[in-house]
Amino acid sequence: MSRPRLQPRGMAIGIGTPIVISFPGKTPQWSATATPHDLTLLAQAADRLGYAYLTVSDHIVVPRKAVAAMGATWFAPFPALAYIAASTQRIGLCTHILVVPYRHPLVAARDIGTLDHLSGGRLILGVGTGHLRAEFRALGIDHDARGAITDAYLDELRRVWAGESDYVVAPSPVQPAGPRLWIGGNTPRALRRAVAVGDGWVPWQIEPGRLRALIDSHGHPGEVAYPATFDMQGVDGPAHSADACLARLHGLRQSGVTAITAGFPSRSLAEFIAQLESFAADVLPHCESMD
(Lines give C-alpha, C1' and ligand atoms only; values in the text may rest on other atoms or scores of the structure.)
Protein backbone atom coordinates (compact mmCIF):
# COMPACT_ATOMS: atom_id res chain seq x y z
CA MET A 1 0.00 0.00 0.00
CA SER A 2 1.20 3.50 -0.75
CA ARG A 3 -0.13 7.03 -0.77
CA PRO A 4 0.03 9.47 -3.65
CA ARG A 5 2.90 11.91 -3.25
CA LEU A 6 1.62 15.20 -1.84
CA GLN A 7 2.14 18.25 -4.02
CA PRO A 8 4.02 20.97 -2.12
CA ARG A 9 1.72 23.89 -1.34
CA GLY A 10 1.25 26.36 1.45
CA MET A 11 3.19 26.42 4.69
CA ALA A 12 2.09 24.37 7.68
CA ILE A 13 3.21 25.69 11.07
CA GLY A 14 3.89 23.25 13.87
CA ILE A 15 5.65 23.84 17.16
CA GLY A 16 8.70 22.35 18.78
CA THR A 17 7.33 21.39 22.20
CA PRO A 18 9.17 22.62 25.27
CA ILE A 19 8.81 20.69 28.55
CA VAL A 20 9.36 17.31 26.86
CA ILE A 21 13.09 17.94 26.31
CA SER A 22 15.81 19.84 28.16
CA PHE A 23 18.18 20.96 25.43
CA PRO A 24 20.62 23.62 26.74
CA GLY A 25 20.30 26.90 24.88
CA LYS A 26 17.19 25.75 23.03
CA THR A 27 14.63 24.81 25.67
CA PRO A 28 13.32 27.71 27.81
CA GLN A 29 14.43 27.58 31.44
CA TRP A 30 10.88 27.57 32.81
CA SER A 31 10.16 24.21 31.19
CA ALA A 32 12.52 22.42 33.62
CA THR A 33 9.97 22.88 36.43
CA ALA A 34 6.83 22.64 34.29
CA THR A 35 4.09 20.20 35.32
CA PRO A 36 2.04 17.75 33.28
CA HIS A 37 -0.83 20.23 33.58
CA ASP A 38 1.40 22.89 32.00
CA LEU A 39 2.01 20.54 29.08
CA THR A 40 -1.75 20.09 28.72
CA LEU A 41 -2.35 23.84 28.71
CA LEU A 42 0.37 24.38 26.10
CA ALA A 43 -0.95 21.62 23.83
CA GLN A 44 -4.53 22.81 24.15
CA ALA A 45 -3.50 26.36 23.24
CA ALA A 46 -1.66 25.15 20.13
CA ASP A 47 -4.65 22.98 19.22
CA ARG A 48 -7.15 25.81 19.70
CA LEU A 49 -5.05 28.33 17.76
CA GLY A 50 -4.73 26.21 14.64
CA TYR A 51 -1.12 24.98 14.69
CA ALA A 52 -0.60 21.97 12.46
CA TYR A 53 1.40 19.71 14.78
CA LEU A 54 3.59 19.55 17.84
CA THR A 55 6.67 17.44 18.38
CA VAL A 56 8.29 15.03 20.81
CA SER A 57 11.83 13.84 20.07
CA ASP A 58 13.68 10.65 21.01
CA HIS A 59 16.70 9.74 23.08
CA ILE A 60 16.49 6.69 25.34
CA VAL A 61 19.68 7.35 27.28
CA VAL A 62 22.14 10.24 27.46
CA PRO A 63 25.79 9.60 28.34
CA ARG A 64 26.53 11.40 31.60
CA LYS A 65 29.40 13.29 30.00
CA ALA A 66 27.03 14.57 27.27
CA VAL A 67 24.33 15.96 29.59
CA ALA A 68 25.83 19.47 29.64
CA ALA A 69 25.66 19.63 25.84
CA MET A 70 22.34 17.88 25.11
CA GLY A 71 20.39 17.82 28.36
CA ALA A 72 19.14 14.89 30.38
CA THR A 73 15.36 15.00 29.88
CA TRP A 74 13.87 13.45 26.77
CA PHE A 75 10.29 12.28 27.26
CA ALA A 76 9.36 8.97 25.61
CA PRO A 77 7.57 9.94 22.39
CA PHE A 78 4.64 7.52 22.31
CA PRO A 79 3.34 7.96 25.88
CA ALA A 80 3.96 11.72 25.77
CA LEU A 81 2.05 12.11 22.51
CA ALA A 82 -0.73 9.84 23.79
CA TYR A 83 -1.04 12.09 26.86
CA ILE A 84 -1.27 15.14 24.59
CA ALA A 85 -3.75 13.41 22.29
CA ALA A 86 -6.14 12.81 25.18
CA SER A 87 -6.54 16.54 25.85
CA THR A 88 -6.58 17.85 22.27
CA GLN A 89 -8.90 17.50 19.29
CA ARG A 90 -7.18 18.09 15.96
CA ILE A 91 -3.49 18.95 16.21
CA GLY A 92 -0.99 16.58 14.58
CA LEU A 93 1.26 14.49 16.85
CA CYS A 94 4.78 14.30 15.45
CA THR A 95 7.73 12.16 16.51
CA HIS A 96 10.59 14.50 15.67
CA ILE A 97 12.39 12.26 15.32
CA LEU A 98 11.98 8.61 16.35
CA VAL A 99 15.27 6.69 16.14
CA VAL A 100 14.23 3.64 14.12
CA PRO A 101 17.04 1.19 15.06
CA TYR A 102 16.20 1.47 18.78
CA ARG A 103 12.91 -0.49 18.48
CA HIS A 104 12.11 -3.82 16.88
CA PRO A 105 9.70 -3.07 14.02
CA LEU A 106 6.94 -5.26 15.46
CA VAL A 107 7.15 -3.43 18.79
CA ALA A 108 7.17 -0.12 16.94
CA ALA A 109 4.19 -1.20 14.81
CA ARG A 110 2.18 -1.95 17.97
CA ASP A 111 3.01 1.44 19.55
CA ILE A 112 2.45 3.40 16.32
CA GLY A 113 -0.84 1.66 15.59
CA THR A 114 -2.10 2.19 19.13
CA LEU A 115 -1.28 5.92 19.14
CA ASP A 116 -2.71 6.54 15.67
CA HIS A 117 -5.85 4.60 16.59
CA LEU A 118 -6.40 6.37 19.91
CA SER A 119 -5.77 9.83 18.41
CA GLY A 120 -8.05 9.35 15.42
CA GLY A 121 -5.25 9.27 12.85
CA ARG A 122 -3.22 12.29 13.96
CA LEU A 123 0.27 10.75 14.12
CA ILE A 124 3.06 12.08 11.89
CA LEU A 125 5.90 9.59 12.06
CA GLY A 126 9.17 11.49 11.86
CA VAL A 127 12.01 8.96 11.84
CA GLY A 128 15.77 8.82 11.51
CA THR A 129 18.79 6.59 11.81
CA GLY A 130 20.14 8.19 15.00
CA HIS A 131 23.66 9.46 15.52
CA LEU A 132 24.85 9.17 19.14
CA ARG A 133 27.40 6.36 19.12
CA ALA A 134 27.45 5.98 22.92
CA GLU A 135 23.66 5.58 22.99
CA PHE A 136 23.82 2.80 20.41
CA ARG A 137 26.56 1.13 22.45
CA ALA A 138 24.49 1.35 25.65
CA LEU A 139 21.54 -0.31 23.88
CA GLY A 140 23.69 -3.01 22.27
CA ILE A 141 22.96 -1.88 18.70
CA ASP A 142 25.51 -1.62 15.89
CA HIS A 143 25.98 2.10 15.20
CA ASP A 144 27.70 1.47 11.87
CA ALA A 145 24.73 -0.58 10.62
CA ARG A 146 22.10 2.01 11.57
CA GLY A 147 21.29 2.99 7.96
CA ALA A 148 20.71 -0.58 6.86
CA ILE A 149 18.71 -1.33 10.01
CA THR A 150 16.54 1.72 9.40
CA ASP A 151 15.76 0.69 5.84
CA ALA A 152 14.93 -2.90 6.89
CA TYR A 153 12.73 -1.81 9.81
CA LEU A 154 10.80 0.74 7.73
CA ASP A 155 10.21 -1.94 5.08
CA GLU A 156 8.86 -4.29 7.76
CA LEU A 157 6.52 -1.60 9.10
CA ARG A 158 5.11 -1.10 5.62
CA ARG A 159 4.68 -4.88 5.25
CA VAL A 160 2.80 -5.11 8.55
CA TRP A 161 0.44 -2.28 7.60
CA ALA A 162 -0.12 -3.72 4.12
CA GLY A 163 -1.02 -7.14 5.55
CA GLU A 164 2.01 -8.74 3.91
CA SER A 165 3.83 -9.76 7.11
CA ASP A 166 3.66 -13.19 8.71
CA TYR A 167 2.47 -11.42 11.86
CA VAL A 168 -0.62 -9.41 12.71
CA VAL A 169 -0.15 -6.29 14.83
CA ALA A 170 -3.33 -4.60 16.00
CA PRO A 171 -4.70 -2.03 16.29
CA SER A 172 -3.63 -0.87 12.86
CA PRO A 173 -3.07 2.82 12.16
CA VAL A 174 -6.20 4.74 11.20
CA GLN A 175 -4.36 6.36 8.28
CA PRO A 176 -4.28 4.16 5.15
CA ALA A 177 -0.81 2.66 4.61
CA GLY A 178 0.24 4.01 8.01
CA PRO A 179 1.01 7.50 9.32
CA ARG A 180 2.70 10.12 7.16
CA LEU A 181 6.39 9.27 7.19
CA TRP A 182 8.93 12.09 7.50
CA ILE A 183 12.57 11.07 7.14
CA GLY A 184 15.06 13.01 9.26
CA GLY A 185 18.66 13.83 8.38
CA ASN A 186 20.85 16.34 6.59
CA THR A 187 22.60 14.06 4.13
CA PRO A 188 21.79 13.34 0.49
CA ARG A 189 21.14 9.74 1.57
CA ALA A 190 18.45 10.91 4.01
CA LEU A 191 16.74 12.94 1.28
CA ARG A 192 16.96 10.05 -1.18
CA ARG A 193 15.36 7.80 1.47
CA ALA A 194 12.60 10.40 1.94
CA VAL A 195 11.94 10.56 -1.80
CA ALA A 196 12.00 6.76 -2.15
CA VAL A 197 9.94 5.63 0.84
CA GLY A 198 8.68 8.68 2.73
CA ASP A 199 6.11 11.43 2.57
CA GLY A 200 8.50 14.14 3.70
CA TRP A 201 11.97 15.16 4.87
CA VAL A 202 13.10 16.72 8.15
CA PRO A 203 16.47 18.45 7.74
CA TRP A 204 18.05 20.56 10.47
CA GLN A 205 21.30 22.50 10.89
CA ILE A 206 21.38 23.10 7.16
CA GLU A 207 21.22 26.43 5.38
CA PRO A 208 18.22 27.10 3.09
CA GLY A 209 20.47 27.49 0.05
CA ARG A 210 22.03 24.08 0.63
CA LEU A 211 18.57 22.63 1.23
CA ARG A 212 17.37 23.98 -2.13
CA ALA A 213 20.42 22.56 -3.88
CA LEU A 214 19.84 19.09 -2.39
CA ILE A 215 16.18 19.12 -3.45
CA ASP A 216 17.12 20.21 -6.95
CA SER A 217 19.60 17.33 -7.15
CA HIS A 218 17.60 14.52 -5.53
CA GLY A 219 13.94 15.52 -5.82
CA HIS A 220 11.24 16.92 -3.56
CA PRO A 221 9.65 14.33 -1.23
CA GLY A 222 6.30 16.15 -1.00
CA GLU A 223 6.78 17.72 2.44
CA VAL A 224 9.84 19.36 3.97
CA ALA A 225 9.69 20.36 7.66
CA TYR A 226 12.30 22.87 8.83
CA PRO A 227 12.99 24.48 12.23
CA ALA A 228 12.75 28.26 12.69
CA THR A 229 12.40 30.61 15.66
CA PHE A 230 10.04 33.59 15.84
CA ASP A 231 9.80 36.23 18.56
CA MET A 232 6.76 38.49 18.12
CA GLN A 233 6.79 39.41 21.82
CA GLY A 234 10.38 40.69 21.79
CA VAL A 235 11.52 38.31 24.51
CA ASP A 236 14.99 37.75 23.12
CA GLY A 237 15.58 41.12 21.40
CA PRO A 238 13.57 43.41 19.13
CA ALA A 239 10.12 42.02 18.41
CA HIS A 240 9.63 40.36 15.02
CA SER A 241 6.88 42.03 13.03
CA ALA A 242 4.30 39.97 11.17
CA ASP A 243 5.76 41.24 7.88
CA ALA A 244 9.24 40.12 8.90
CA CYS A 245 7.95 36.68 9.88
CA LEU A 246 6.08 36.34 6.58
CA ALA A 247 9.12 37.45 4.58
CA ARG A 248 11.20 34.77 6.26
CA LEU A 249 8.54 32.14 5.64
CA HIS A 250 8.30 33.15 1.96
CA GLY A 251 12.07 32.74 1.65
CA LEU A 252 11.96 29.30 3.21
CA ARG A 253 9.05 28.33 0.97
CA GLN A 254 11.17 29.22 -2.05
CA SER A 255 13.84 26.87 -0.68
CA GLY A 256 11.35 23.99 -0.82
CA VAL A 257 10.11 24.06 2.78
CA THR A 258 6.42 23.19 3.28
CA ALA A 259 6.24 23.00 7.07
CA ILE A 260 7.89 24.94 9.89
CA THR A 261 8.62 23.47 13.30
CA ALA A 262 8.50 26.79 15.11
CA GLY A 263 10.22 27.79 18.30
CA PHE A 264 9.23 30.78 20.43
CA PRO A 265 11.51 32.34 23.10
CA SER A 266 9.76 32.65 26.46
CA ARG A 267 10.37 33.13 30.18
CA SER A 268 7.19 31.41 31.34
CA LEU A 269 4.37 29.24 30.11
CA ALA A 270 2.13 32.31 29.90
CA GLU A 271 4.68 34.08 27.73
CA PHE A 272 5.03 31.03 25.46
CA ILE A 273 1.26 30.92 24.97
CA ALA A 274 1.26 34.68 24.30
CA GLN A 275 3.83 34.07 21.55
CA LEU A 276 1.59 31.37 20.08
CA GLU A 277 -1.39 33.72 20.16
CA SER A 278 0.43 36.61 18.47
CA PHE A 279 1.79 34.42 15.69
CA ALA A 280 -1.58 32.72 15.20
CA ALA A 281 -3.40 36.05 14.91
CA ASP A 282 -1.02 37.86 12.57
CA VAL A 283 0.91 35.20 10.62
CA LEU A 284 -0.96 31.87 10.47
CA PRO A 285 -3.86 33.21 8.33
CA HIS A 286 -1.40 33.96 5.51
CA CYS A 287 0.42 30.61 5.53
CA GLU A 288 -2.08 28.24 3.94
CA SER A 289 -1.98 30.02 0.57
CA MET A 290 1.77 30.66 0.61
CA ASP A 291 3.64 29.37 -2.45
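# Welcome to this predicted model: a briefing

Alanine 177 counts as buried, because its relative accessibility is 8% (buried means under 20% relative accessible area, exposed over 50%, and partly exposed in between, with a 1.4 Å probe and protein chains only). This alanine sits in the loop between H6 and S5, and its phi is near 65 degrees, a positive value in a residue other than glycine. The structure is a predicted model, in which local features need pLDDT of at least 70 and side-chain atom pairs count only at pLDDT 80 or more, while totals for chains, interfaces and linings use all residues. Residues are numbered from 1 along each chain as its sequence is written, and side-chain values use heavy atoms, with hydrogens and water left out. Helices (H or I, at least four residues) and strands (E, at least two) are DSSP runs, numbered from the N terminus.

**Backbone features**

- Glutamine 205 also has a positive phi in a residue other than glycine, near 55 degrees.
- You will find glutamine 205 in the loop between strand S6 (200-202) and helix H8 (208-218), where it counts as exposed because its relative accessible area is 73%.
- Histidine 96 and isoleucine 97 are joined by a cis peptide bond, with omega about 0 degrees, and isoleucine 97 belongs to strand S3 (residues 92-99).
- Another cis peptide bond links alanine 170 to proline 171, with omega about 10 degrees.
- Proline 171 is in the loop between helix H6 (146-161) and strand S5 (180-184).

**Helix H10**

- Helix H10 covers residues 269-282, which makes 14 residues, and it reaches 20 Å from its first C-alpha to its last.
- That reach is close to the 20 Å expected at 1.5 Å a residue (the expected span is 1.5 Å times one less than the number of residues).
- Ten of the 14 residues of H10 are buried, so the helix is largely enclosed by the rest of the structure.
- The buried residues of H10 include Leu269, Phe272, Ile273, Leu276 and Phe279, and also Glu271, Gln275 and Ser278.
- Strand S1 (12-16), helix H1 (36-49) and helix H9 (242-254) are among the elements that cover the buried residues of H10.

**Nonpolar cores**

- The largest nonpolar core has 75 residues (a core is a set of buried Ala, Val, Leu, Ile, Met, Phe, Trp, Tyr and Cys residues joined through side-chain atoms within 4.5 Å).
- H10 gives the most to this core, with six residues.
- Ile13, Tyr51, Leu249, Ile260 and Phe279 have the most contacts inside the largest core.
- A second, separate core has seven residues, including Tyr53, Ile124, Val202 and Ala259.

**Salt bridges**

- Eleven salt bridges turn up in a search of the whole structure (each is a side-chain nitrogen of Lys or Arg within 4 Å of a carboxyl oxygen of Asp or Glu).
- One of them pairs the side chains of aspartate 58 and arginine 103, at 2.9 Å from N to O.
- Aspartate 58 lies in the loop between S2 and H2 and arginine 103 in the loop between S3 and helix H4 (105-118), so this pair ties together parts that are 45 residues apart in sequence.
- Aspartate 58 and arginine 103 are both buried.
- Aspartate 144 and arginine 133 form a salt bridge at 3.4 Å, N to O.
- Aspartate 144 is in the loop between helix H5 (133-139) and H6, and arginine 133 is in helix H5, so the pair ties together parts that are eleven residues apart in sequence.
- Here aspartate 144 counts as exposed at 61% relative accessibility, and arginine 133 as partly exposed at 45%.
- Within helix H6, arginine 159 and glutamate 156 are three residues apart, about one turn of the helix, and their side chains meet in a salt bridge at 3.5 Å, N to O.

**A surface patch**

- Ile60, Val61 and Leu139 make a nonpolar surface patch of about 200 Å² (patches are made of residues with over 30% relative accessible area and no salt bridge, like charges being joined within 9 Å and nonpolar side chains, Val, Leu, Ile, Met, Phe, Trp and Tyr, within 5 Å; areas come from the Shrake-Rupley method with a 1.4 Å probe, and for residues only the protein chains shown count as cover).
- Isoleucine 60 is in the loop between strand S2 (53-56) and helix H2 (67-70), and it is partly exposed, with a relative accessible area of 42%.

How values were computed
Contact means heavy atoms within 4.5 Å.
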